[in-house]
Amino acid sequence: MKRYQGMVFSQARKAFLSEEEAEDFTQEIFLKAYESLSQFRGEAQFSTWLFQIAKFRLTKVNKKKSHLIADWSDDVSTVADNSKPSVVEILHKEETHTALHLLIAKLPKSYQLPIHLHYFEYKPLKEIANDLNIKLNTIKSHISRGKELLRKWWSDEIEG
């Protein structure tokens with residue numbers, strides 16, 4: 001749990017408005033992973049498997065939120081304090097994060113983890129190279145190629 005807690009929490013923090021919700025979500029994911037540990041076949045890295053559990057659960061949470069919010073009128077955002085994001089802005093941000101993570105999950109496995117560690121856990125490239133026991137230039141190359149694929153897929157998604 002110590003090794004992957006930062007990864008899960010950083011994703012949860014982006015998806016939830018409060019830190020408490022993010023902490024609760026993180027605990028829920030580790031509980032679910034523990035309960036499902038017998039289903040882990042080792043075909044992917046453990047972090048990828050754990051990330052998939054979190055992504056699936058976030059999708060379910062987002063669907064629940066969107067059903068609740070669909071009942072509200074758009075006037076709610078004008079009544080709220082203008083310095084806080086509107087409900088629509090929050091949903092758009094969550095949908096963007098979910099779409100990005102779905103695209104990242106489509107990347108080759110060798111690109112996924114370095115991108116996640118660097119951009120979501122803010123780990124330096126040297127540390128990632130040491131942790132994964134991969135040359136620094138290889139890490140840079142994987143991140144660069146992964147970003148290029150993401151850019152292409154993202155533009156295809158927007159145009160499509």
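Predicted model: local features only at pLDDT ≥ 70, side-chain atom pairs only at ≥ 80, totals over all residues.
Local features require pLDDT of at least 70 and side-chain atom pairs pLDDT 80 or more, whereas totals for chains, interfaces and linings use all residues. Residues are numbered from 1 along each chain as its sequence is written, and side-chain values use heavy atoms, with hydrogens and water left out.

The protein chain contains eight helices and zero strands. Helices (H or I, at least four residues) and strands (E, at least two) are DSSP runs, numbered from the N terminus. The order of elements from the N terminus is α-α-α-α-α-α-α-α. Of the 160 residues, 36% are buried. Buried denotes under 20% relative accessible area, exposed over 50%, and partly exposed in between (1.4 Å probe, protein chains only). Contacts (heavy atoms within 4.5 Å) were considered between residues at least 6 apart in sequence; 58% of these join residues at least 24 apart. The chain exposes about 10,700 Å², and carbon and sulfur atoms supply 55% of this area. Accessible areas follow the Shrake-Rupley method with a 1.4 Å probe; for residues, only the protein chains shown count as cover.

Histidine 101 is placed in helix 5 (residues 87-106). Histidine 101 counts as buried because its relative accessibility is 6%. Leaving aside residues up to four places away in sequence, histidine 101 touches Gln11, Phe51, Lys55 and Phe120. Glutamate 157, in helix 8 (residues 136-159), counts as exposed at 53% relative accessibility. Glutamate 157 and leucine 103 are separated by 54 residues in sequence, with a C-alpha to C-alpha distance of 9.8 Å.

Five salt bridges were counted. A salt bridge is a side-chain nitrogen of Lys or Arg within 4 Å of a carboxyl oxygen of Asp or Glu. One joins arginine 57 to glutamate 28, with the closest N and O atoms 2.3 Å apart. This pair links distant parts of the chain, 29 residues apart: arginine 57 lies in helix 3 (residues 46-70) and glutamate 28 in helix 2. Arginine 57 is partly exposed at 21% relative accessibility, as is glutamate 28 at 33%.

Glutamate 148 and arginine 151 also form a salt bridge (3.1 Å, N to O). About one helical turn separates the two, because they are three residues apart in helix 8. Glutamate 148 is partly exposed, with a relative accessible area of 49%. Salt bridges that share partners join Lys123, Glu127 and Asp131 into one network. Within it, aspartate 131 pairs with lysine 123, the closest N and O atoms being 3.5 Å apart.
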